[in-house]
Amino acid sequence: MNQARVPRAEAVIDLGAIRHNVALLSGKAAESGAATMAVVKGDGYGHGALPVAKAALAGGATWLGGCSLDEALALRRAGITARILSWLDIDVDFGPGIEADIDLTASSRRELARIVAAARVTGRAARVHLKIDTGLCRNGCPEYEWPGLCADAADAASFGAIDVVAIWSHFACADELGHSSIAAQAKRFDEAYEVAREAGLHPLRHLANSAATLTRPEFHFDLVRTGIAMYGCNPVPTDDDLVPAMTFRSAVALVKRVKAGESVSYGQIWTAERDTTLALVPVGYADGVPRTLSGRMDVWLDGQRRPVVGRVCMDQIVVDCGDHEPAIGAEVELFGTGHDGAPTAREWADTIGTIDYEIITGMYRPRVTRRYVGEVTP
């Protein structure tokens with residue numbers, strides 16, 4: 001393949017795979033009577049928030065999740081009209097979000113008070129989701145403050161400052177099937193819902209993440225939030241036909257023959273045991289290839305897996321091709337769908353003791369270009 005046709009570092013995003021995955025997840029949610037939120041925070045988990053949002057909506061999602069208000073507003077400015085939830089900022093001005101019809105989250109009485117104040121300034125009712133901490137101990141209202149938050153919300157709703165849309169929380173261990181915390185968190189969530197009802201609120205409920213969407217239909221409630229699974233990475237051991245949406249690739253930049261006894265890369269941690277052919281690939285840890293994969297990874301090159309030898313450098317890796325001589329510009333797939341046994345993001349994650357979330361979001365880098373395949377919605 002001509003080198004000009006393969007960028008030095010490219011993430012190929014299959015929007016058809018995202019549509020497929022969201023359709024599968026939405027189908028599971030619909031069986032429980034729940035709608036689906038597609039979470040596109042972190043620039044769509046490194047895939048591109050706007051194209052992913054369009055593909056997800058085409059796949060059956062009716063909500064989007066953007067974490068920060070800036071992420072949500074960017075989608076709205078780009079013409080997305082679906083419901084969008086944001087949930088984590090530091091003393092942000094909520095006014096633009098209210099004016100743009102963004103759903104906002106209150107995780108404390110102080111945060112709710114700031115939303116109410118912004119609503120009064122804009123003259124519009126803010127759409128608010130109250131978040132309860134059920135055991136993850138990150139963002140979310142602690143149980144001791146929850147009755148007060150619900151009372152404040154009911155009061156603000158009574159004079160039209162806010163519309164309390166939902167209450168929600170987030171599982172800590174839904175990807176560990178049978179973990180005791182799942183039932184414990186669900187129980188706390190039920191109790192929080194009863195407190196909200198006693199305060200005079202009639203909110204929707206959403207608790208299920210990707211793992212719970214796939215395995216715990218009893219916790220789908222009114223809305224599920226699908227994150228990692230919509231990108232084709234399965235957080236639980238199921239047979240669901242999820243398709244990885246990202247393929248990370250590069251190309252061969254240089255080929256050389258070296259003698260037995262020659263060592264490769266910094267520290268010379270690998271030495272050729274026989275005469276061999278080395279292929280230089282111009283990607284490294286500045287492009288999202290973890291240095292901790294040094295000596296522990298393969299790439300897919302000319303129809304088979306081939307080992308990367310020596311240390312991963314900032315800008316390059318070296319592939320041992322044995323007696324095979326690849327062409328300059330030959331495509332090198334670092335991870336993708338796993339076709340024919342090729343490497344995957346999950347394999348990288350398992351090898352270095354992390355999660356595939358970190359691998360795919362790590363492709364959101366200046367030197368990694370994106371190319372979209374599959375039907376792109378208008």
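Residues are numbered from 1 along each chain as its sequence is written, and side-chain values use heavy atoms, with hydrogens and water left out. Because the model is predicted, local features need pLDDT of at least 70 and side-chain atom pairs count only at pLDDT 80 or more, while totals for chains, interfaces and linings use all residues.

View 1. Lys41 belongs to helix 2, which covers residues 41-45 (helices are DSSP runs of H or I with at least four residues, strands are runs of E with at least two, and both are numbered from the N terminus). With a relative accessible area of 31%, Lys41 is partly exposed, a class that lies between buried, under 20%, and exposed, over 50%, for a 1.4 Å probe and protein chains only. Leaving aside residues up to four places away in sequence, Lys41 touches Gly65, Gly66, Cys67, Glu71 and Trp87, where contact means heavy atoms within 4.5 Å.

**View 2. The largest pocket.** A pocket is an open set of points on a 1 Å grid over the protein atoms alone, with protein on both sides within 12 Å along at least five of seven lines, whereas a cavity is a set of points where a 1.4 Å probe fits but cannot get out; lining residues have an atom within 4 Å of a point. The largest pocket has a volume of about 760 Å³, a volume being the space filled by probe spheres set on the points, which are joined across faces, edges and corners. Of its 33 lining residues, Lys41, Tyr45, His170, Asn209 and Tyr357 lie nearest the centre. Helix 2, helix 9 (210-215), strand 9 (223-226), helix 10 (345-352) and helix 11 (356-361) each supply at least two residues of this lining.

**View 3. The second largest pocket.** The second largest pocket holds about 190 Å³ of space. It is lined by 17 residues, and Gly232, Cys233, Pro244, Thr344 and Arg346 are the closest to its centre. Helix 10 and helix 11 each give at least two residues to the lining of this pocket.

**View 4. The cavities.** The structure holds two cavities of 30 Å³ or more. The largest cavity contains about 50 Å³ of space, and its lining includes Cys67, Trp87 and Phe94. The second largest cavity has a volume of about 40 Å³, and among the residues that line it are Lys131, Asp133 and His170.

**View 5. Cysteines without a disulfide.** A search of the whole structure finds zero disulfides, a disulfide being a pair of cysteine sulfur atoms within 2.5 Å. The closest cysteine sulfur to that of Cys150 is in Cys141, at 7.5 Å, which is too far for a bond; Cys150 is buried, with a relative accessible area of 0%. For Cys321, the closest cysteine sulfur is in Cys313, and the 16 Å between the two sulfurs is likewise too far for a bond. Cys321 also counts as buried, at 4% relative accessibility.
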